[in-house]
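Student: I have just opened this structure and would like a guided tour. Could you take me through it?

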Amino acid sequence: MSGHSHEAVYEGGYTRLQINRMGLWFFIISEAFMFLALHAYRLLALGTFKPEDLNVSLAWVMTGVLLLSSVTMHRAEKAIARGHTPGLLRNLLLTMGLGVAFLAIMAYEWSIAFRDIGFSSPYGSIFFMTTGTHALHLLSGLFILALVYLAARRGAYRSEDHWGVTAGALYWHFVDVVWLSVFLILYLV
Amino acid sequence: MLPVFRGLVWGVIGFLIGGGLTALIRGAMGLDPWVFGPVFLVGYLFGLAGWLLGVGVWDTWMREFLGLEPRPYEAEGWRRYFGFNTDHKVIGIQYGATFLAMFFLAGLLALMMRIELMQPGRDIFNFAQYNRVMSLHGFLMVLVAVTAIPGMFGNYFVPLMIGAEDMAFPRMNALSFWIWPPAAILLLLSPFFGGWDTGWTGYPPLAITNDPGQMFYNLAFFTGGLSSVVGSINFLTTIITMRAPGMTWGRLPIFVWSIFMTSIMSLTATQFVGVAMLMTVLDRVANTAFFDPARGGYPLIYQHIFWFYSHPAVYVMIMPAWGIMLEVLAHFARKPLFAYKWAVAGFGGVTALSFAVWAHHMFTSGMPETLHVPFMATTEAISVPTGLIFLSALGTVWRGKLRFKTPMLFALGGLFNFLIGGITGVFNSDLPADVHLHDTFWVVSHFHYTIVGGAIFGLFAGIYYWYPKMVGRMYSERLGRLHFWLMFVFFNLVFLPMAWLGLHGMNRRIGDYPPQLGEVNAFVSISAFVLGASFLIFLYNMVMAWVRGPVAEANPWGARTLEWATSSPPPVHNFPAVPQVLSGPYDYGVPEAKVHAAVPAES
């Protein structure tokens with residue numbers, strides 16, 4: 001970070017790891033407000049209206065896929081916390097695979113929804129904007145996990161120093177929680 | 001190659017790729033490939049990414065993430081300011097130069113408006129042109145008011161005041177600055193694409209149906225919002241985690257508190273205006289129906305989403321200025337800050353309530369009547385924590401040994417102006433009154449008194465206060481006072497009559513008015529030109545002092561806060577060793593008070 005050789009001491013005794021985690025949490029809080037704004041539009045403009053042909057069962061499948069991906073991501077983090085890089089790599093791949101599967105199912109759902117609902121109504125507009133914004137966040141999560149995977153392959157992580165994995169996992173779980181809110185507000189409510 | 005040039009090249013390449021791809025995909029889908037909206041939107045987003053990569057993101061983060069050797073930006077002299085420099089002091093100056101330039105540009109636009117309004121009837125603009133000039137003036141000024149103090153002084157002085165070496169995330173700090181040039185370019189180019197005429201508030205349906213220039217505003221606002229969020233993460237984390245040993249929350253300088261509270265608002269509420277901008281853009285280019293009444297959309301919800309950010313935004317504008325004013329008042333009255341804990345509580349109360357008042361901007365919008373009284377109540381209530389801050393200021397000055405240097409003049413003037421602005425605000429908060437005042441020049445008077453009279457005067461207090469520390473030279477006190485008095489007197493001569501004009505039927509956002517108001521308007525216009533001229537004195541002072549002013553010592557004001565315990569300007573790492581904080585920053589005249597902090601020699 002700087003050229004100084006001494007380890008900085010702060011009031012409150014924060015470590016670099018704690019500082020990084022805090023920064024990421026603030027980012028997550030901020031992004032949560034973005035989705036709050038989208039959900040606010042949905043509820044204010046449309047209340048709990050849902051079109052007839054909304055495919056809720058497909059959304060259940062997508063929810064299951066993402067929840068499973070959080071399990072594998074958690075396993076990945078646990079693996080490197082034990083210093084077990086092969087476990088980290090395997091579970092990262094599984095997580096990314098499930099993330100891609102989610103996007104594939106979503107692409108299929110979008111193709112149907114585009115035909116049946118379309119952009120041209122307020123519900124359609126907020127449906128595509130909300131799921132699209134979530135998908136972009138998931139895509140960026142995949143990008144981050146890919147970088148983490150490449151770094152892990154290079155042996156960058158150890159049991160006592162694996163911030164990249166922790167950060168990737170935290171962001172990935174956030175994306176999952178956001179999906180749960182999207183599922184709730186767009187499909188179930 | 002200077003990073004700025006590489007960023008420009010990669011940005012242009014990104015723009016061409018994004019636009020080209022869009023045209024290609026549209027053509028493949030059977031649509032007209034070269035429609036401005038979608039092509040420009042995607043082009044801009046790719047261009048922004050290209051710019052950021054080129055100006056430093058590639059060399060700093062991407063290379064590291066891909067296992068290559070990162071290339072941090074190393075330069076000397078003036079070159080430090082044209083690249084991805086992670087030193088918070090360099091970044092502070094970068095923000096300062098950029099936003100002062102924006103301020104003067106927006107000021108020129110205001111003078112153009114005042115030329116039109118000098119006489120009734122059409123002079124140099126038709127209504128459409130006037131509204132475009134007005135919109136750009138307003139939006140540029142909003143950006144300056146929101147960003148100048150946190151960007152310039154928050155960045156430069158928060159780490160110094162808490163005894164830290166830099167911010168928690170120095171690379172992200174550089175990023176938050178370099179996000180701005182694309183937004184600035186959008187705004188400078190917007191007149192060539194028809195500009196936009198909705199005012200800085202960008203309401204649909206007009207914002208959906210008007211000229212392409214509207215999108216420049218939407219994208220610039222979204223871009224600036226990204227910077228705000230990144231900056232807030234940095235400020236909050238830095239202030240929480242990187243205070244020097246002994247710098248407890250109870251010893252934190254009030255300016256740092258003000259940046260902390262401001263960052264809570266800008267971290268969260270900014271996302272709402274981002275969504276409002278995106279929804280507008282989607283309605284324009286993707287045929288969505290968020291705000292189209294013909295297809296069941298709800299224009300009013302734009303206002304809710306927009307103002308949920310834009311009301312806290314005005315507290316983002318004023319709170320750092322109050323922070324500076326309270327600092328200056330304490331140090332130049334040579335007294336402890338009066339009721340420090342209540343002042344902090346005041347900042348906290350304003351922050352909390354700021355999220356609960358937004359619909360007072362919508363009293364005449366046709367929103368449900370059930371919202372009227374609650375928002376009137378919360379809006380009136382927010383004057384209570386504001387009052388705590390005011391009383392802290394007054395109590396600090398009371399019986400103080402006042403030194404009327406230029407920073408102190410601006411702090412006192414700012415308090416005076418904000419008082420007037422705040423009082424006019426009470427009338428706006430009162431629904432029966434607001435029904436008549438809304439969209440008149442009364443409102444224009446109110447927000448110029450608070451934002452210019454309060455926040456910009458606070459900005460200038462900070463500029464004069466911290467100039468010797470940043471530049472290492474002292475400005476001319478004589479010219480500083482001349483600038484202050486001209487600015488203060490003529491600011492009031494411009495904006496006080498506007499309250500009268502509003503009460504007598506002058507509407508805002510239209511380039512004309514009832515002819516009998518011509519004389520007062522002429523007076524306002526002439527005063528505005530003198531106000532503008534006062535800034536020439538300021539600029540002359542700043543430049544001459546930089547070039548051949550007397551060398552400034554480490555602590556020309558004899559103030560206790562930590563930025564004065566190091567050289568002017570500070571060395572790269574701020575302090576030779578970690579300061580040990582021993583007491584509060586305002587213990588002037590307190591018997592047996594310890595020094596605020598001990599800065600050990602080289603460790």
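Student: Let's begin with chain A. How many helices and strands are there in chain A?

Tutor: Keep in mind that this is a predicted model. From the N terminus on, the elements of chain A read α-α-α-α-α. The count is therefore five helices and zero strands.

Student: What percentage of the residues of chain A count as buried?

Tutor: A residue needs 20 or more other C-beta atoms within 10 Å of its own to be called buried. Chain A has 189 residues, and its C-alpha atoms fill a box of roughly 60 × 40 × 25 Å along the principal axes. The share of its residues that count as buried is 33%.

Student: Is A146(A) buried, partly exposed or exposed?

Tutor: You will find A146(A) in helix 4 of chain A, which covers residues 122–153. Buried takes 20 or more C-beta neighbours, while exposed takes 12 or fewer. Because A146(A) has 14 of them inside 10 Å, A146(A) counts as partly exposed.

Student: Now for the place where the chains touch. Which helix of chain B gives the largest share of the side that touches chain A?

Tutor: In this contact, 43 residues of chain B meet 36 residues of chain A. Helices 8, 9, 10 and 11 of chain B each give two or more residues to that side. By class, the side of chain B has 24 nonpolar, 15 polar and four charged residues. The largest share is six residues, and the contributor is helix 8 of chain B.

Student: Where does helix 11 of chain B bend?

Tutor: Helix 11 of chain B is mostly covered, with 33 of its 35 residues buried. After the helix comes R334(B), with a positive phi near 55°. The bend in helix 11 is about 35°, and its place is W307(B).

Student: How far apart are the centres of domain 1 and domain 2 of chain B?

Tutor: Domain 1 of chain B covers 1–85, and domain 2 covers 86–286 + 298–598. Their contact takes 19 residues from domain 1 and 18 residues from domain 2. Taken over C-alpha atoms, the separation of the two centres is 30 Å.

How values were computed. Residues are numbered from 1 along each chain as its sequence is written. Chains are lettered from A and ligands numbered from 1 in the order in which they are written. This is a predicted model: local features need pLDDT of at least 70, side-chain atom pairs count only at pLDDT 80 or more; totals for chains, interfaces and linings use all residues. Domain bounds come from an automatic or database domain assignment. Two residues are in contact if their C-beta atoms, placed from the backbone, lie within 7 Å. Helices (H or I, at least four residues) and strands (E, at least two) are DSSP runs, numbered from the N terminus. Ala, Val, Leu, Ile, Met, Phe, Trp, Tyr, Cys and Pro count as nonpolar, Asp, Glu, Lys and Arg as charged, and the others, Gly among them, as polar. The bend at a residue is the angle between axes fitted to the seven residues ending there and the seven starting there.
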